[in-house]
Amino acid sequence: MDFKQIEKKWQKRWEDTKLYSFDKSKVDKKMYVLEMFSYPSGAKLHAGHWFNYGPSDTYARFKRMKGYEVFQPMGFDAFGLPAENYAIKTGIHPEDSTLKNIATMEKQLKAIGATFDWDYEVKTCMPDYYKWTQWLFLQLYKKGLAYRKEAPVNWCPSCNTVLANEQVKEGECERCGSVVVRKNLTQWFFKITDYAEELLTDLDKLDWPEKTKLMQKNWIGKSVGAEIDFETTTGEKFTVFTTRADTLFGVSYVVLAPEHPLVEKLTLPDRMEAVENYKIESSKATEIDRLSSAREKTGVEIGAYAINPINGRKVPILIADYVLASYGTGAVMGVPSHDDRDFVFATKYGLPIERVIKGKDGQNDALPFTDYGVMVNSEEFDGMTTEEGKIAVVKKLEKENKGRLKTNYRLRDWLVSRQRYWGAPIPIVHCEHCGAVAVPESDLPVKLPYDVDFTPNGQSPLLKSEEFMHTTCPKCGGPALRDADTLDTFVCSSWYFLRYPDNKNSEKAFDTEWINKMLPVDKYIGGAEHACMHLLYARFMTKALRDMGYLNFDEPFTSLIHQGTILGPDGNKMSKSKGNVVSPDDKIQKYGSDVFRVYLMFCFSYIEGGPWNDSGLESVQRFFDRIERMAKKAYEVHFYDGSFTADEKELNYVRNYTIKAVNNDIDNFSFNTAIARLMEFVNALYAYDSKVEKKNKLFLDCIVDLIKLFAPMAPHFTEELNEMLGGKYSIFNLSYPVCDEKALVRDEIEYAVQINSKMRGRVVISSSASNEEIEKIALNEVKDSLGDATVKKIIIIPKRLINIIA
């Protein structure tokens with residue numbers, strides 16, 4: 001079979017007949033299958049792309065044949081840093097390179113032969129899309145969920161620009177190698193923290209991988225504890241959060257973040273130089289590095305003291321980079337006797353270590369003792385358990401207005417400002433009389449200007465466009481400046497699944513009534529690396545829009561699955577720099593796309609992936625050849641329609657066992673085991689063919705079922721075989737085979753017969769035979785082997801084994 005020719009033939013026919021167009025009248029049967037959309041890279045699709053799109057397309061085709069009206073759109077996450085960086089290096093405008101790459105990827109994705117309905121395509125860099133991204137920003141702004149404040153960013157002093165975390169490599173700028181520092185800039189945020197509790201509790205409703213749910217739970221990071229107010233000897237106040245108020249009597253120092261606003265005010269003159277030097281050094285580390293448990297803890301005393309509110313003791317104040325101003329209160333209390341990190345820190349700097357918790361009932365409580373226990377050296381609280389003391393201590397502080405019970409979350413508000421060019425402009429103008437003013441919705445989109453100098457100079461590139469920046473205030477009509485920042489590309493992807501079903505709506509981001517019928521997404525497919533960013537942001541946006549009345553569902557993605565990663569032949573992640581990228585082009589040219597995608601599904605577990613190895617392609621090709629020969633046999637042979645002999649019963653058993661197993665396997669994305677079942681089925685067909693001369697019509701029915709079962713995995717190949725056998729167009733309009741459970745109940749069972757646990761023969765016995773009849777048949781089978789021996793006992797293991805003890 002000429003695979004390249006049949007691919008062209010069927011892809012053209014599918015397109016001409018609009019086979020995969022979504023039928024809106026069947027929305028009650030909809031199955032929304034969605035792969036995370038791609039960034040339009042200039043490179044060709046590699047094996048990893050095929051591993052994502054091929055198997056997920058198999059799942060979508062399977063669901064179509066199961067009677068669902070499958071909605072499977074495709075689009076492009078088209079704003080972002082890569083195109084802008086490419087433009088800086090080459091001078092090619094991001095819009096030009098992005099649209100060119102999109103056109104290339106559209107052709108490549110169509111060549112896969114997937115069921116994507118291109119009528120619903122979205123491109124996030126186009127004004128007809130980002131108009132509605134800006135509209136979403138305004139809705140959040142109106143509800144108080146979008147706000148502006150100062151925040152630290154990565155800053156390269158040589159390039160004179162802000163860097164994304166991805167551009168910082170081991171504390172240095174990836175572009176020039178300069179040491180990156182932290183500095184404050186005024187930024188826009190989305191108030192995702194308002195939804196922290198719901199984002200946490202609703203995870204239990206979702207059919208998602210447990211590991212992903214756990215990652216989100218840890219990212220949200222709920223802690224139930226207390227806020228405790230400390231006062232310095234000079235009267236300044238700050239607050240710490242702790243989950244162990246029972247250890248408050250053991251506080252021997254407190255630590256402020258280097259960026260804490262009180263540091264400059266509290267630092268004594270003789271400590272100022274050391275403190276400033278430390279602040280400069282800590283600014284060179286990323287937040288992730290500073291929070292790392294593996295990193296050595298450092299700090300410096302500022303010369304000031306705080307008063308422990310529970311016992312009036314004076315304790316020194318230090319700054320340390322493991323405390324972040326942007327996390328919690330920016331201050332922590334040090335209890336070295338009952339915290340591993342504090343113990344190491346106090347030992348290093350010679351700070352007091354005093355026990356205030358002892359173990360229970362002879363428990364090993366060597367310091368640092370971090371388990372729950374019994375309070376000691378804690379005045380009136382001595383003898384209380386940790387559970388009791390955590391509440392009692394806070395209750396006392398509450399009466400004195402020095403503390404309160406508090407639930408904290410690790411989750412921080414979502415910083416959405418980017419000092420970059422290639423993104424959606426923020427729809428805000430700044431007026432010296434009116435302040436920040438929202439652009440009227442009737443004036444959207446705020447278009448991204450084309451003629452902009454985006455060479456980095458330490459400012460947002462849009463500041464250099466006079467035409468863009470200067471406008472009038474929508475409130476007072478006076479002169480005003482547009483916001484020069486653009487939106488994080490994660491904002492674009494936080495709602496694209498809502499736009500797909502209504503992508504041509506020019507009046508609204510989406511029609512609420514229609515989207516409430518189409519959503520949530522039934523099966524979402526993509527990489528696990530998005531667990532704590534895209535997936536969390538999409539959930540937040542859905543909940544916020546629900547609360548505004550635009551949606552009636554709580555979660556965007558009912559069911560989620562992550563595909564594994566196809567690694568390079570060297571076992572490392574594919575990358576151009578490592579020279580280990582596997583292009584499928586030559587393999588597809590030789591074997592065709594169907595063979596290639598079946599190979600990927602058979603040789604790799606979908607959720608695990610693995611290192612690339614193409615040694616199995618020839619064997620998969622032979623598997624296709626065997627199916628084709630069998631299909632031709634069905635075309636040539638004459639069949640009789642009659643009752644089943646033992647051979648037909650056995651073949652029918654294998655047929656229905658395969659149907660049941662493959663249905664279950666595809667539903668669970670276990671494509672490798674599904675293909676293995678089909679290979680066993682093909683073996684059974686060949687065994688029947690060689691053994692039985694006069695073929696029952698069952699043989700033809702089995703071959704037809706085989707082609708249907710294989711159709712979602714090899715769409716072009718099976719369309720051709722279906723046509724050859726006179727089947728109706730398209731095979732994907734036919735129903736997927738259904739298991740006949742009765743055929744799985746065998747009316748005859750093969751038993752192994754043993755004498756004294758040694759194999760002596762096999763017998764086929766009616767499944768309805770009594771134990772007496774089974775024993776009689778078995779004894780007759782091995783009578784020669786038994787001879788004159790006396791049978792003492794017969795052990796029957798149902799449906800498997802008969803052991804005669806003599």
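This is a predicted model: local features need pLDDT of at least 70, side-chain atom pairs count only at pLDDT 80 or more; totals for chains, interfaces and linings use all residues.
**Ground rules.** I number residues from 1 along each chain as its sequence is written, and my side-chain values use heavy atoms, without hydrogens or water. Local features need pLDDT of at least 70 and side-chain atom pairs count only at pLDDT 80 or more, while totals for chains, interfaces and linings use all residues.

**Helix pair.** I took helices (H or I, at least four residues) and strands (E, at least two) as DSSP runs, numbered from the N terminus. I looked up α1 (residues 3-16) and α24 (residues 715-724), whose axes lie 9 Å apart at an angle of about 85°. My axes are lines fitted to C-alpha atoms, for helices over the stretch in contact, with angles from 0 to 180 degrees between N-to-C directions.

**Sheet.** Next I found an open sheet of four strands in the order β4-β3-β7-β17, with antiparallel pairing; strands pair if DSSP finds at least two bridges between them. β4 (161-163) and β17 (414-415) are at the edges with a single partner strand each, so one side of each lacks a neighbour in the sheet. Trp155 has Val162 in β4 as its bridge partner.

**Salt bridges.** I count 55 of them, each a side-chain nitrogen of Lys or Arg within 4 Å of a carboxyl oxygen of Asp or Glu. In one of them, Arg420 meets Glu84 with the closest N and O atoms 3.6 Å apart. That pair links distant parts of the chain, 336 residues apart. Both Arg420 and Glu84 are buried (under 20% relative accessible area; exposed is over 50%, partly exposed in between; 1.4 Å probe, protein chains only).
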